[in-house]
Amino acid sequence: MEWLLHNGEFIREEELTISKEDRGYQFGDGVYEVIRVYDGSMYTAKEHIDRFYASADKVKIVIPFTKDVFHKMMYDLVEMNEITTGQVYVQITRGASIRQHQFPVDCPPVLIAYTKTVERPVALMETGVQAKFVEDVRWLRCDIKSLNLLGNVLAKQEAHDHGSYEAVLHRGETVTEGSSTNMYGIKDGVVFTHPANNLILHGITRGVILTLCEENGIPVREIAFTKTEALEMDEFFLSSTTAEIIPITAIDGQAIGSGQPGTVTRKIQTAFTRNLHIGVNA
């Protein structure tokens with residue numbers, strides 16, 4: 001049976017008990033993180049852990065472990081479950097307390113982490129996917145990786161119902177990100193992506209991509225662009241921890257560029273794959 005981490009202790013899955021009054025269950029009052037595992041080691045673990053602590057701080061949840069201790073626990077969890085290619089999911093909630101909207105007093109947070117095997121989406125990275133425009137109706141603190149994901153879930157489902165892999169979210173005419181991804185357009189060799197402000201989550205993979213573009217002489221402009229401009233791009237792609245870099249070949253049935261994964265996207269994919277062994281840290 002799988003090992004889980006629960007409040008600093010490793011337990012078997014069947015031993016896990018969650019209170020009916022946990023605020024994560026009742027309010028989505030918590031934050032989470034997903035760390036990719038390649039060859040048995042966590043990729044960009046420091047960056048993910050830093051973001052986890054930053055998200056918790058923004059919602060005023062105190063994680064009761066130092067980052068070094070937490071990092072070691074994640075490492076041990078991966079090793080105990082013998083994960084080779086997969087991910088670590090971790091979340092912390094404000095804890096269990098009588099149901100009331102204001103923060104409870106003297107309520108210890110509840111932290112849970114688990115692993116699972118997840119293969120690289122090699123076929124999708126090669127062929128590309130279709131996407132659909134969906135209005136971005138989420139709250140205005142998308143920079144916090146919170147458990148409040150209903151807006152994201154509804155957007156992903158709408159895309160799925162129309163035969164698309166992902167939703168391209170937009171506020172009015174402005175493209176923001178995907179339901180669980182960051183979005184990028186490429187025009188005349190320049191990569192465009194929404195600036196990392198409160199309207200998007202600054203993805204860890206997004207940060208790696210921006211660095212790789214700089215290292216490989218690919219110009220980047222972190223600037224908002226419109227739905228019309230998105231459809232006029234030469235290439236389009238999405239990124240996330242689990243999806244890595246997947247080309248988008250059409251949005252709302254309209255082909256982007258040639259309707260095939262483009263050369264700049266391929267160059268970024270190649271650079272990312274080469275970077276995997278560099279960014280892996282236990």
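Predicted model: local features only at pLDDT ≥ 70, side-chain atom pairs only at ≥ 80, totals over all residues.
1. The expected span of a helix is 1.5 Å times one less than its number of residues. The 14 residues of α2 should span 20 Å at 1.5 Å a residue. The end C-alpha atoms of α2 are 20 Å apart, so the two values agree.

2. Helix α3 has 14 residues and reaches 20 Å from its first C-alpha to its last, close to the 20 Å expected. Helix α6 has twelve residues and reaches 17 Å, close to the 16 Å expected.

3. Now the packing of α2 and α3. Two packed helices are described by the angle between their axes and the distance between the axes. Here α2 covers residues 45-58 and α3 covers residues 67-80. The angle is about 125°, and the axes are 11 Å apart. That angle makes α2 oblique to α3. The crossing of α2 past α3 is right-handed.

4. Which residues in α2 and α3 meet? From α2 come Ala 45, Ile 49, Asp 50, Phe 52 and Tyr 53. From α3 come Lys 67, Phe 70 and His 71. The residues of this contact divide into five nonpolar, one polar and two charged.

5. Next, burial in α2. Its buried residues are Ala 45, His 48, Ile 49, Arg 51, Phe 52, Tyr 53, Ser 55 and Ala 56. What covers the buried residues of α2? The cover includes strands β3 (30-38), β4 (41-42), β5 (86-93) and β6 (110-117). Helices α3 and α6 (204-215) are also included.

6. Burial in α3 and α6 can be listed too. In α3, Phe 70, His 71, Met 73, Met 74, Asp 76, Leu 77 and Val 78 are buried. In α6, the buried residues are Ile 204, Thr 205, Arg 206, Val 208, Ile 209, Leu 210, Leu 212 and Cys 213. An α-helix has 3.6 residues a turn, so residues three or four places apart point the same way.

7. Look at the backbone just past each of these helices. Just after α2, Lys 60 has a positive phi of about 65°. Just after α3, Glu 82 has a positive phi of about 55°. Helix α6 is followed by Gly 217, with a positive phi near 70°. Most residues other than glycine have a negative phi.

8. Two aspartates in loops deserve a look as well. Asp 106 sits in the loop between β5 and β6. Its phi is near 55°, a positive value in a residue other than glycine. Asp 252 lies in the loop between β14 (244-251) and β15 (254-255). The phi of Asp 252 is near 50°, again positive in a residue other than glycine.

9. Asp 252 has a relative accessible area of 46%, so Asp 252 is partly exposed. The cut-off for exposed is over 50%.

10. Phe 103 is in the loop between β5 and β6. With a relative accessible area of 43%, Phe 103 is partly exposed. Not counting residues up to four places away in sequence, Phe 103 touches Arg 23, Val 59, Lys 60 and Arg 94. The C-alpha atoms of Phe 103 and Thr 85 are separated by 38 Å. Along the chain these two are 18 residues apart.

11. Gly 8 belongs to the loop between β1 (3-6) and β2 (9-12). Its relative accessible area is 28%, so Gly 8 is partly exposed. Leaving aside neighbours within four places in sequence, Gly 8 is in contact with Phe 65 and Met 73. Met 73 is one of the buried residues of α3. Gly 8 and Leu 238 are 230 residues apart along the chain, with 35 Å between their C-alpha atoms.

12. Last, Ser 179, in the loop between β9 (174-178) and β10 (182-187). Is Ser 179 buried or exposed? Ser 179 has 5% relative accessibility, so Ser 179 counts as buried. Not counting residues up to four places away in sequence, Ser 179 touches Asn 152, Ala 155, Lys 156, Glu 166, Ala 167 and Leu 169. Ser 179 and Ala 155 are 24 residues apart in sequence. In space they are 6.1 Å apart, C-alpha to C-alpha.

Technical notes:
Residues numbered from 1 in each chain as written. Heavy atoms only, no water. Axes fitted to C-alpha atoms, helices over the stretch in contact; angles between N-to-C directions. Helix = DSSP H or I, 4+ residues; strand = E, 2+ residues; numbered from the N terminus. Parallel < 35°, antiparallel > 145°, perpendicular 65-115°, else oblique. Left-handed = near helix turned anticlockwise from the far one by under 90°. Contact = heavy atoms within 4.5 Å. Nonpolar A, V, L, I, M, F, W, Y, C, P; charged D, E, K, R; others polar. Buried < 20%, exposed > 50% of the residue type's maximum accessible area, 1.4 Å probe, protein only.
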